[in-house]
Amino acid sequence: MAATNPSHSPSYDDLMGLFPPGSDLAPDGTLRIGGCRADELAERYGTPALLVDEGALRARARRYADGLTARRTGGTVAFASKAFPCTAVYRLLAEEGLSIDVASGGELALALAGGTDPDRLIVHGNAKTDAYLGAAVEAGAGLVVIDNFDDIDRLERILATAPGREQAVLVRVTPDVRPDTHEAISTGQRGSKFGLLLPQAREAIARLRGSDRLRLDGLHVHIGSQILDTKPFVQAVEAVAELGDFAVYDLGGGLGSRYTYDDRPPSVEEYLDVLTAAAEASLPAAARIIVEPGRSMVADSGVSLYRVVTVKRGGEETFVAVDGGMGDNLEVSLYGQRFEATVATRFGGGEPCRLVGRHCESGDTLSAGVPLRDPRPGDLIAVPVTGAYTYSLSNNYNGARRPPVVFCRDGRSRPVVRRETYEDLMRRDVV
Ligand SMILES: *Cc1c(COP(=O)(O)O)cnc(C)c1O
């Protein structure tokens, strides 16, 4: 389960290439993120901490938005916010003009608190409750994505109490496409709990066309996450094209990120080239295309900073244990995601180590076989590409206090989420 890394020593460029663009080393060799020294950030905010290069995140949002606009008129980029549902991130991406995907009542509340224009909300979920759908309608959400027939019944009922209201919807199609990714994050295959297979989708389309209150705008498809090959995206477009002509096609997210030296994901531009070419070939020329990147929007703007607590040598492996782990990064345990790492003040490779967390499970490994240069207790460890699905999956296992989120830009840092306190851990207790 635990991911292994090649035990070679990475070159400076290999390793720095995993950190947000603009990261560098201070004259004394200490890693800087957004111009901020890792040691000063650790001093000020403590460890573990999730650092976000704000400039890199804004640049990625623009690259997606400009890239889609350049290739297709009337395209929309929606951030799949479950990848990093923090109000500061919603606010930043709202400022950049993106639409926002939510997948629960909680994400809806966070998106609204982060200043998202309700019209720019796309409401997802395979098990939407009355409360969630009611809140979405009440907020005036732009699009609701129908995942099942109960969604149609619920929405009809909710809208019956809001005379004159009409809700625009899409139908989520299960295209029967299986990308090469971990089973837990593959969603478009036959047998997926998400969406409707083509025959059921046709039935839902027919029902929606007969509805007075629901306006069927188009179709949605999303086949999974951390997808490194563009072919399945094309297959998904071809599958939805079989259902007829619509005004809107939401083609989902799923583009993979580069976590390790060996990963070669398509660039944002290559991905958009393939997707818009597939749309050009199979979908109506006037249709509005939506893309929903989550991981590839935020992953490589984030860096996790830890402090080494102990180094254990003499056994088969050198264990470097830090003050975080599966409490702040579940990606390794959930889907075997591989991460690289470096000592923040002795940048580069060295002795192959097993970088482990402090939690009470052997699976609590951040990176196996990762080359670290002379790691010692008290050192800072930087793990790059942790902007996606770490904040959202963070937890209180072993009474861990969830880490702060710190935005870094032009040599200045600001906390946008503080570290939890022990009082926070007891806040919900009814005594
Ligand atoms: C999670 C999700 C996405 C984003 O997936 P990434 O792999 O993070 O890009 C897009 N659309 C839907 C419906 C999702 O559930």
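## A salt bridge between D24 and R32

In this predicted model, D24 and R32 pair through their side chains in a salt bridge, with 2.9 Å from N to O. Side chains of opposite charge can pair when their charged atoms come close.

How exposed are the two partners? D24 has a relative accessible area of 26%, and R32 comes in at 21%. Buried would mean under 20% and exposed over 50%, so D24 counts as partly exposed, and R32 is likewise partly exposed.

## Salt bridges across the structure

If you go looking for other pairs like this, how many salt bridges does a search of the whole structure find? The search turns up 30. One of them joins the side chains of E54 and R414, where the N to O distance is 3.3 Å.

## Where the ligand sits

Now let's turn to the ligand. The space it takes is the largest pocket. Around the ligand there are 16 residues, and the closest of these are K82, S225, E292, R295 and Y389.

What kinds of residues make up this shell? Sorted by class, eight are polar, five are charged and three are nonpolar.

Which atoms come up to the oxygen atoms of the ligand? S225 places a polar side-chain atom 2.4 Å from a ligand oxygen. In the side chain of Y389, an N or O atom is 2.6 Å from an oxygen atom of the ligand. G254 takes part through its backbone instead: one of its backbone N or O atoms lies 2.9 Å from a ligand oxygen.

How much of the ligand does the protein bury? Taken alone, the ligand exposes 390 Å², and the protein buries 93% of that area.

Terms used:
Residues numbered from 1 in each chain as written. Predicted model: local features only at pLDDT ≥ 70, side-chain atom pairs only at ≥ 80, totals over all residues. Heavy atoms only, no water. Near = heavy atom within 4 Å. Polar contact = N/O pair within 3.5 Å; in protein donor to acceptor, adjacent residues only side chain to side chain. Areas by Shrake-Rupley, 256 points an atom, 1.4 Å probe, with all protein chains shown as cover. 1 Å grid on protein atoms, 1.4 Å probe; cavity = no way out; pocket = protein on both sides within 12 Å on 5 of 7 lines; lining within 4 Å. Sits in = over half its atoms within 2 Å of the grid points. Nonpolar A, V, L, I, M, F, W, Y, C, P; charged D, E, K, R; others polar. Salt bridge = Lys/Arg side-chain N within 4 Å of Asp/Glu carboxyl O. Buried < 20%, exposed > 50% of the residue type's maximum accessible area, 1.4 Å probe, protein only.
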